[in-house]
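This report walks through one chain and its ligand, from overall dimensions down to single residues. Please keep the viewer open while reading.

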Amino acid sequence: MPYEVKGVVARAKGQEVSLETVVVPDPGPGEAVVNVQACGVCHTDLHYREGGINDDFPFLLGHEAAGVVEAVGPGVTEVAPGDFVILNWRAVCGQCRACLRGRPWYCFATHNATQKMTLKDGTVLSPALGIGAFQEKTLVAAGQCTKVSAEAPAQVAGLLGCGVMAGIGAAINTGGVTRGDSVAVIGCGGVGDAAILGASLAGAAKVIAVDVDDRKLDWARDFGATHTVNSRESDPVEAIRDLTGGFGADVVIEAVGRPETYKQAFFARDLAGTVVLVGVPTPDMTLELPFIEVFGRGGALKSSWYGDCLPSRDFPMLIDLFLQNRLPLDKFVSETIEIEQVEEAFAKMHRGEVLRSVVTF
Ligand SMILES: NC(=O)c1ccc[n+]([C@@H]2O[C@H](COP(=O)([O-])OP(=O)(O)OC[C@H]3O[C@@H](n4cnc5c(N)ncnc54)[C@H](O)[C@@H]3O)[C@@H](O)[C@H]2O)c1
Ligand SMILES: [Zn+2]
Ligand SMILES: [Zn+2]
């Protein structure tokens, strides 16, 4: 019997989200239905609502989630009903050229559930990042469920499903931050603060946080920033160079997704340093850089899809570190909210009042 639940739907570009009845099919081959226990509100949900990702409205929002597997379809062996799982949005295929070369975190053929969730009138919904978890049950591909220790609270575990994993991974996986490095992070929302936490975890000696909001900079310190720069008050490139002996940082992580902040990252890194773009641009944006500087500065300009994470490797490890009090993931949870308050949470995010509002069920 298909399930009927209340889900948060974005019907049209820029329009406020609404609560709609969503039909969730029983899991088919390779699929699982998960009882969502918590789902964080990420900037990417707002990007969807604003038409910044694509035009496949209506969207079923929510994708930073954890919960318990309710049912699995035929042939599913990786998870079973009762497992506590974090949902991931890159279920690797094991068959594509990236997977076959032993680099599954780049998998070029990640997949979602085959069946569709719909409105009651049959309108097919596009689940955000193939998840759609602002509702108490959702349908995903079984490979999107990563089992972790059930001792972790769902509102904390769920955050690893997107922004926090993207940020930590941008530092430790994509950026390859290691002990002694100097690191700068531009944009200190949930993703940027997670990058700061990841850089500290990896042993960075200096972690410089840059934001336009002093409140965000205070929080950034709490996650391990050793220095902060308000880029409304001073030039961040100069400030980062001043703090690194005049040279620039070894790794600069851009966690805003705008050309001007990317340029700051580009010019604020040391020679042969690394820029990591984890912020997501919108399709209309373009970037102009002096080409000779791209060559002359050497190093690496990298993008970080989902923190180049491998959920089966990274989620259980990070949850274990949290349970050992070595990774304060709980600090990302600014508030827990009801499903009716997602629109309000977008406004709070916009005003910079929260790192993560988390819907709990
Ligand atoms: N690459 C990935 O896989 C991935 C995953 C999740 C989110 N993201 C993206 O990461 C970005 C950040 O997400 P978030 O949830 O942390 O958002 P957020 O809104 O919580 O944080 C953005 C931060 O950037 C700051 N900011 C804005 N303009 C700035 C400027 N000009 N200079 C410096 N700081 C500035 C804001 O004050 C805020 O603190 C978004 O683009 C989001 O879509 C990427
Ligand atoms: Zn693959
Ligand atoms: Zn997200």
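## Overall dimensions

With 361 residues, a compact globule would have a radius of gyration near 21 Å; the chain has 20 Å, so the two agree. The radius is taken over C-alpha atoms, and the globule rule is 2.2 Å times the number of residues to the power 0.38. Along the principal axes, the C-alpha atoms fill a box of roughly 65 × 40 × 40 Å.

This is a predicted model: local features need pLDDT of at least 70, side-chain atom pairs count only at pLDDT 80 or more, and totals for chains, interfaces and linings use all residues. Residues are numbered from 1 along each chain as its sequence is written, while chains are lettered from A and ligands numbered from 1 in the order in which they are written.

## Fold content and burial

The chain holds 11 helices and 18 strands. Both are DSSP runs numbered from the N terminus: helices are H or I with at least four residues, strands are E with at least two.

Of the 361 residues, 52% count as buried. Buried means 20 or more other C-beta atoms within 10 Å of the residue's own; exposed means 12 or fewer; partly exposed lies in between; C-beta atoms are placed from the backbone. Among contacts between residues at least 6 apart in sequence, 71% join residues at least 24 apart. A contact requires C-beta atoms, placed from the backbone, within 7 Å.

## Two domains

Domain 1 covers 3-161 + 328-360, and domain 2 covers 167-304. These bounds come from an automatic or database domain assignment. The C-alpha centres of the two domains lie 28 Å apart.

Nine residues of domain 1 are in contact with 11 residues of domain 2. On the domain 1 side, H1 gives the most, with three residues. By class, that side has two nonpolar, five polar and two charged residues. Ala, Val, Leu, Ile, Met, Phe, Trp, Tyr, Cys and Pro count as nonpolar; Asp, Glu, Lys and Arg count as charged; the others, Gly among them, count as polar.

## Ligand 1

Ligand 1 lies between the domains, because domain 1 and domain 2 both give residues to its shell. There are 32 residues around ligand 1, and His43, Ala166, Gly187, Gly189 and Gly257 come nearest. The elements giving two or more residues to this shell are helix H1 (43-49), helix H4 (163-174), helix H5 (190-201) and strand S12 (206-211). A residue is near a molecule if its C-beta atom, placed from the backbone, lies within 6 Å of it.

The shell divides into 15 nonpolar, 14 polar and three charged residues.

## A five-stranded sheet

One open sheet runs S7-S2-S1-S4-S8, with mixed pairing. Two strands pair if DSSP finds at least two bridges between them. Strands S7 (118-119) and S8 (126-127) are the edges, each pairing on one side only.

S1 (residues 3-10) and S2 (residues 18-24) run antiparallel and are joined by seven bridges. Val9 stands opposite Ser18 in S2.

## Backbone details

The peptide bond from Phe57 to Pro58 is cis, with omega near -5 degrees. Pro58 is found in the loop between H1 and strand S4 (59-60).

Leu129 has a positive phi of about 50 degrees although it is not a glycine. Leu129 sits in the loop between S8 and strand S9 (137-141). Leu129 is buried, with 27 other C-beta atoms within 10 Å. Asp308, also not a glycine, has a positive phi of about 45 degrees. Its loop lies between strand S16 (300-303) and helix H10 (311-323). Asp308 is buried, with 24 other C-beta atoms within 10 Å.

Definitions and conventions. Contact = placed C-beta atoms within 7 Å.
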